[in-house]
Amino acid sequence: MKDENYIHIQGWMINKLNLSGNDLICYAIIYGFSQDEQSKFNGSTGYLSKCMNCSKPTVFKSLKSLIAKNYLVKTDIFNLLIIHPWMC
């Protein structure tokens with residue numbers, strides 16, 4: 001992640017989704033690219049790994065957890081689509 005880049009963690013991600021740690025950071029990064037309900041995150045696990053400052057296996061663990069909780073939907077090999085909590 002570049003020094004001038006940032007992620008935005010919203011209160012509902014913690015309070016309503018009960019996210020924390022790597023799952024929270026991963027969700028916030030992906031949400032930042034897809035919050036208009038029409039866009040998708042097209043980044044790689046390498047990108048997430050760098051942004052989260054963790055290994056790719058850790059990224060895969062977070063993605064798997066978020067998909068299992070229905071907070072993300074995997075639409076194909078590389079794209080992930082956010083399921084907004086108010087749509088669940």
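Which residues of helix 3 are buried? In helix 3, the buried ones are G46, L48, S49, C51 and M52, where buried means under 20% relative accessible area, exposed means over 50%, and partly exposed is in between (1.4 Å probe, protein chains only). Before going further, keep in mind that this is a predicted model, with local features needing pLDDT of at least 70 and side-chain atom pairs counting only at pLDDT 80 or more, while totals for chains, interfaces and linings use all residues. Residues are numbered from 1 along each chain as its sequence is written, and side-chain values use heavy atoms, with hydrogens and water left out.

Now the overall layout. The chain has four helices and two strands, and from the N terminus on they run α-α-α-α-β-β. Helices (H or I, at least four residues) and strands (E, at least two) are DSSP runs, numbered from the N terminus. Of the 88 residues, 34% count as buried. Take the contacts with a separation of 6 or more: residues 24 or more positions apart account for 44% of them, a contact being heavy atoms within 4.5 Å.

Back to helix 3, then. Its buried residues pack against helix 2 and helix 4 (56–68). Two packed helices are described by the angle between their axes and the distance between the axes. For helix 2 (residues 21–34) and helix 3 (residues 45–52), the axes come within 10 Å and cross at roughly 120 degrees. That makes helix 2 oblique to helix 3. Here axes are lines fitted to C-alpha atoms, for helices over the stretch in contact, and angles run from 0 to 180 degrees between N-to-C directions; under 35 degrees counts as roughly parallel, over 145 as roughly antiparallel, 65 to 115 as roughly perpendicular and the rest as oblique.

Who does the touching? Helix 2 brings N22, I25, C26, I29, I30 and F33, and helix 3 brings Y47, L48, C51 and M52. By class, that contact has nine nonpolar residues, one polar and no charged. Ala, Val, Leu, Ile, Met, Phe, Trp, Tyr, Cys and Pro count as nonpolar, Asp, Glu, Lys and Arg as charged, and the others, Gly among them, as polar.

Helix 2 has a couple of other residues to look at. S34 lies in this helix and counts as buried at 1% relative accessibility; its side chain reaches the backbone oxygen of I30 at 2.8 Å. D23, also in helix 2, is buried with a relative accessible area of 15%. Leaving aside neighbours within four places in sequence, D23 is in contact with S62, S65, L66 and K69. With S65, the D23 side chain makes a side-chain polar contact (2.9 Å). A polar contact is a pair of N or O atoms within 3.5 Å; within protein, one must be able to donate a hydrogen and the other to accept it, and residues adjacent in sequence count only if both atoms are side-chain atoms.

S44 caps the N-terminal end of helix 3, with a side-chain oxygen 3.3 Å from the backbone nitrogen of G46. Helix 3 is followed by N53, whose phi is positive, near 55 degrees. Most residues other than glycine have a negative phi. N53 lies in the loop between helix 3 and helix 4 and counts as exposed at 73% relative accessibility. N70, not a glycine either, has a positive phi of about 65 degrees. It lies in the loop between helix 4 and strand 1 (72–74) and is partly exposed, with a relative accessible area of 47%.
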